Amino acid sequence: MIRKESRVNDDGVLKGKIDMDLVTKLLQSDVTTYRIGKITGISLGNLYQLRHGKRKIRNLKITSAYLLSECAKQIGIK
């Protein structure tokens, strides 16, 4: 289970693949913002802004994009 952003090291991010389609599907899904936040460690405020168009997905930090992509895979979003 992914917990906190600080626990993700650079090697893990570089070895993993970030699927931005999965990130988009996750943010548009019925999965609660709270659950995504608990799994990824990303703040609820940032997730809310992403989900409501106040922040653009393309402007995500690599680490955040990686965590969201891994979260989507963990939850089973395809």
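Guide: A crossing is called left-handed if the near helix is turned anticlockwise from the far one by less than a right angle, and right-handed if clockwise. Helices are DSSP runs (H or I, at least four residues), numbered from the N terminus. This is a predicted model, in which local features need pLDDT of at least 70 and side-chain atom pairs count only at pLDDT 80 or more, while totals for chains, interfaces and linings use all residues. Residues are numbered from 1 along each chain as its sequence is written, and side-chain values use heavy atoms, with hydrogens and water left out.

Visitor: Which hand does the crossing of α3 and α5 have?

Guide: The axes of α3 (residues 33-40) and α5, lines fitted to C-alpha atoms over the stretch in contact with angles from 0 to 180 degrees between N-to-C directions, come within 10 Å and cross at roughly 110°. The two helices are therefore roughly perpendicular to each other, a term for angles of 65 to 115 degrees. The crossing of α3 and α5 is right-handed.

Visitor: At what angle do α2 and α5 pack?

Guide: Helix α2 covers residues 20-28 and helix α5 residues 62-75, and their axes lie 8 Å apart. The angle at which α2 and α5 pack is about 70°.

Visitor: Which residues of α5 are buried?

Guide: Buried here means under 20% relative accessible area, computed with a 1.4 Å probe on protein chains only. The buried residues of α5 are S64, A65, Y66, L67, L68, S69, C71 and A72.

Definitions and conventions
Buried means under 20% relative accessible area, exposed over 50%, partly exposed in between (1.4 Å probe, protein chains only). Angles under 35 degrees count as roughly parallel, over 145 as roughly antiparallel, 65 to 115 as roughly perpendicular and the rest as oblique.
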